[in-house]
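Here's a quick briefing for anyone opening this structure for the first time. Have a look at the model, then read on.

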Amino acid sequence: MLIGANVSMKAPKMFPGAVAEAVSYGATTLQFYTGAPQNTRRKPTSEMKIPEGLAAMQAAGLSHLVIHAPYIVNLGNTAKPDSFEFAIQFMQEEIARADALHAYAMPFHPGAHVGAGAKAGIAQIAAGLNRILNADQTVLVALETMAGKGTEVGRSFEELAAILDRVSRNDKLAVTMDTCHMSDAGYPVKDDFDGVLNDFDHIIGLDKLAVVHLNDSKNPQGAHKDRHANIGAGTLGFDCLNAIAHHPQLAGIPKILETPYVGTDKKHQLPPYGVELGWLRSGAYQPSALATLAAAADAQVDRA
């Protein structure tokens with residue numbers, strides 16, 4: 001099963017440190033940002049220890065490296081030309097970084113139309129991608145399904161298909177399914193995931209599906225909120241997400257967890273991924289294990 005989590009890639013350990021973290025969770029794939037997702041400050045690839053990271057991946061049997069694009073880039077904004085030009089430049093550089101890391105795919109939030117309407121946002125995003133994508137890149141830019149909060153573009157398969165249809169280098173584009181986002185957007189992920197897959201296949205095509213973000217949701221279907229919950233602790237539930245993790249049509253696609261850290265003090269929280277990946281590998285849900293981890297996180301506060 002190709003399954004992993006979003007891990008940290010930062011100095012001094014850089015890429016090898018990200019791989020070691022993924023291995024510690026029992027992962028077979030991994031995702032990370034090349035820098036903080038809320039900003040565009042990035043270290044040069046020469047400092048990322050790429051050869052060592054690739055060797056560590058091979059030694060541990062990990063594959064399908066996923067690099068997430070930062071949230072701060074908004075290709076859908078028609079009101080600020082300078083921001084649009086900066087987003088294009090930054091994404092061109094991010095693709096070069098992902099290629100240097102030998103990444104398989106790059107989940108990418110398409111953008112928000114900031115009041116201009118979805119049609120204008122779709123056209124602007126496609127225009128940007130037509131300038132960003134290049135014939136020599138190897139990483140797939142994987143447009144992410146969005147929850148539909150605010151003026152987000154990508155809240156439906158039809159909106160993503162409209163972007164894909166307008167991009168000339170369509171072979172460099174793919175799609176990331178986020179289970180929380182799709183449910184929050186209104187898709188019946190919990191009750192009819194096979195139907196959701198069927199709709200996706202007819203509107204976009206399963207051959208375009210590159211990554212699945214496997215997240216529970218804190219909100220009911222159609223809430224348009226985008227608040228991730230730990231596996232089994234949200235409205236989708238463990239049985240739904242476990243079935244998706246093991247779905248035969250998704251066997252060759254990396255599934256990435258982006259669930260919240262646990263613990264009441266934000267400065268002393270612990271990642272849940274070792275516990276959650278263990279549940280998904282075994283099919284046995286034991287919520288007490290997450291409670292134990294949260295207690296361990298809280299104990300750090302007492303020691304501090």
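Two strands count as paired if DSSP finds at least two bridges between them. Helices (H or I, at least four residues) and strands (E, at least two) are DSSP runs, numbered from the N terminus. What you're looking at is a predicted model, so local features need pLDDT of at least 70 and side-chain atom pairs count only at pLDDT 80 or more, while totals for chains, interfaces and linings use all residues. Residues are numbered from 1 along each chain as its sequence is written, and side-chain values use heavy atoms, with hydrogens and water left out.

**Strands around strand 1**

- Strand 1 (residues 3–6) runs parallel to strand 2 (residues 29–32), and 3 bridges join them.
- Across that pairing, alanine 5 sits opposite leucine 30 of strand 2.
- To get from strand 1 to strand 2, the chain goes through helix 1 (residues 14–24), a β-α-β crossover that is right-handed (with the strands pointing away from the viewer, the path from the first strand over the helix to the second runs clockwise).
- Strand 1 also runs parallel to strand 10 (residues 255–257), again with 3 bridges.
- Here alanine 5 has leucine 257 of strand 10 as its bridge partner.

**Helix 3 against helix 4**

- Helix 3 (residues 81–100) packs on helix 4 (residues 118–132) at an angle of about 45°, with the axes 9 Å apart; axes are lines fitted to C-alpha atoms, for helices over the stretch in contact, and angles run from 0 to 180 degrees between N-to-C directions.
- That angle makes helix 3 oblique to helix 4, because under 35 degrees counts as roughly parallel, over 145 as roughly antiparallel, 65 to 115 as roughly perpendicular and the rest as oblique.
- On the helix 3 side, the residues in contact (heavy atoms within 4.5 Å) include Phe84, Ile88 and Met91, and on the helix 4 side they include Gln124, Ala127 and Arg131.

**Helix 4 against helix 5**

- Helix 4 also packs against helix 5 (residues 157–166), at about 40° and with axes 9 Å apart.
- That makes helix 4 oblique to helix 5.
- Among the residues making this contact are Ile122, Ile125 and Leu129 from helix 4, plus Ala162 and Ile163 from helix 5.

- Most residues other than glycine have a negative phi, and most peptide bonds are trans.
- Alanine 11 and proline 12 are joined by a cis peptide bond, with omega about 5°.
- You'll find proline 12 in the loop between strand 1 and helix 1.
- Histidine 64 isn't a glycine, yet its phi is positive, near 55°.
- Look for histidine 64 in the loop between helix 2 (50–60) and strand 3 (66–67).
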